[in-house]
Amino acid sequence: MTDASTSLDMSTGLRKVAVRAKREPAARFHSLAHLIDEELLARAFARLRSDAAVGVDGITKEQYGQDLQNKLRDLHERLKTMRYRHQPIRRVHIPKEKKGQTRPIGISATEDKVVQNALREVLEAVYEQTFMDCSYGFRPGRSAHDAVRALTRAVNEGEANWILEFDVVSFFDSVRRSQLLEILQERVADGSLLRLIGKCLHVGVLDGEEFTEPSEGTVQGSTLSPMLGNVYLHTVLDRWFAEEVRPRLRGKATFIRFADDGVFGFERQDDAERVQAVLSKRMERFGLTLHPAGFSQTLTVARRRQESDDVRFPRVLLVLAANPRGKLGSDVQDPACKAGAGHTASACMVSRQSALAGPAAARHAREKSAGSHQLLRGERKHPQPEALWASGETELVQVAQPP
């Protein structure tokens with residue numbers, strides 16, 4: 001976890017919030033909205049990209065930055081008196097890896113981006129101290145590389161002989177706002193801040209000439225959405241697996257999540273099958289649906305000789321291939337994992353040593369270990385969850401279904 005004292009841009013008030021959040025994991029914060037002052041708004045503005053796309057008002061960061069002090073003073077006054085109104089989101093569609101498919105991205109007006117950034121900083125002070133180590137996406141000081149290292153360690157230590165990956169369908173569009181606000185209220189008791197978050201959630205969307213007002217979801221592309229998504233999945237998956245699932249398993253297990261993608265690693269096959277049998281039920285309880293292709297893959301990682309560092313990583317961690325600054329890239333991914341394969345890509349073989357040595361060494365590592373790993377497809381019939389438990393044990397399915 002990130003130490004609150006190491007946050008570079010954190011004001012004194014936010015630092016106190018972060019310290020208390022770390023010291024009292026169950027604390028509720030009744031006074032947070034006052035922390036969004038002109039200084040915080042100025043920091044939020046400074047973090048905006050200069051080349052970012054413009055929202056419905058067509059105002060760029062450079063244009064908004066003219067007479068910035070007066071604009072932020074006016075914005076702060078409207079926030080204090082609850083006169084601030086979030087402008088509609090401009091929706092654009094960008095191509096996905098799979099031909100013919102697009103991903104909807106919401107673009108907020110510059111002023112709204114400033115407010116979202118300020119809210120994100122306040123929520124980060126509250127939640128970053130209690131987020132679990134299994135979460136790696138959109139968190140300060142954490143990256144996809146850290147997730148890969150964690151999975152490698154789990155495989156090396158025998159905690160991930162079986163790997164179950166998952167991918168949520170249209171996660172940001174599927175978040176139930178009522179349940180998200182209930183989760184937020186567990187820690188945030190400041191009604192003013194919750195109302196401001198609500199204004200950023202309950203906002204219209206302008207898609208070309210069509211205007212809609214979605215009743216669910218958070219806007220994909222909003223600077224606030226990744227934080228809200230992590231808060232949501234912290235309850236839906238992170239805490240659920242740590243507090244309810246892992247204690248009921250027979251062997252060791254690990255969980256690694258990068259935003260709405262993730263992998264479960266299990267020492268035992270029967271544990272992997274138990275979780276696979278109940279995971280979709282748990283997600284449905286919160287309005288989420290698992291992608292059939294991404295979820296149906298259970299990967300056996302054979303026990304490796306001490307001198308071998310080869311391990312197969314699921315598709316979910318292949319975000320490294322799209323990161324030009326990363327040390328692991330597309331030159332070390334399996335031919336079966338081409339971008340066009342989308343969710344049907346099976347897995348990628350990456351060697352910690354050979355990947356850094358170059359594509360030739362990585363290919364040699366793949367050839368050397370070919371045939372030592374078995375991929376189980378989704379059509380395999382798994383026993384019903386109740387048949388997996390010995391007499392007298394608490395059924396895992398009970399912790400996935402609504403009360």
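Begin by selecting Arg43, which lies in helix H2 (residues 38-46); helices here are DSSP runs of H or I with at least four residues and strands are E runs of at least two, numbered from the N terminus. This is a predicted model, in which local features need pLDDT of at least 70 and side-chain atom pairs count only at pLDDT 80 or more, while totals for chains, interfaces and linings use all residues. Residues are numbered from 1 along each chain as its sequence is written, and side-chain values use heavy atoms, with hydrogens and water left out.

Arg43 counts as buried because its relative accessibility is 12%; buried means under 20% relative accessible area, exposed over 50%, and partly exposed in between, with a 1.4 Å probe and protein chains only.

Next, select helix H4 (residues 68-80). Colour Leu72, Leu75, His76, Arg78 and Leu79, the buried residues of H4. Viewed down the axis of H4, these buried residues fall within an arc of 165°, so they line one face of the helix; the arc is that of the directions from the helix axis to the C-beta atoms. The face turned away from the buried side of H4 carries the exposed residues Gln69 and Lys80. Display H2, helix H3 (61-64), H5 and helix H9 (191-201), which are among the elements covering the buried residues of H4; contact means heavy atoms within 4.5 Å. Just after H4, Met82 takes a positive phi of about 60°.

Proceed to strand S1 (residues 89-95), which pairs with strand S4 (residues 205-207) in the parallel sense over 2 bridges; two strands pair if DSSP finds at least two bridges between them. Arg90 stands opposite Leu206 in S4. S1 also runs antiparallel to strand S2 (residues 102-107), joined by 6 bridges, and Gly106 in S2 is the bridge partner of Arg91. In the hairpin of S1 and S2, with 6 residues between the strands, Gly100 takes a positive phi near 90°.

Finally, select Glu128, in the loop between helix H5 (110-127) and helix H6 (144-156). Glu128 counts as buried because its relative accessibility is 2%. Its side chain makes a polar contact with the side chain of Arg139 at 2.7 Å; such a contact is a pair of N or O atoms within 3.5 Å, where, within protein, one must be able to donate a hydrogen and the other to accept it, and residues adjacent in sequence count only if both atoms are side-chain atoms.
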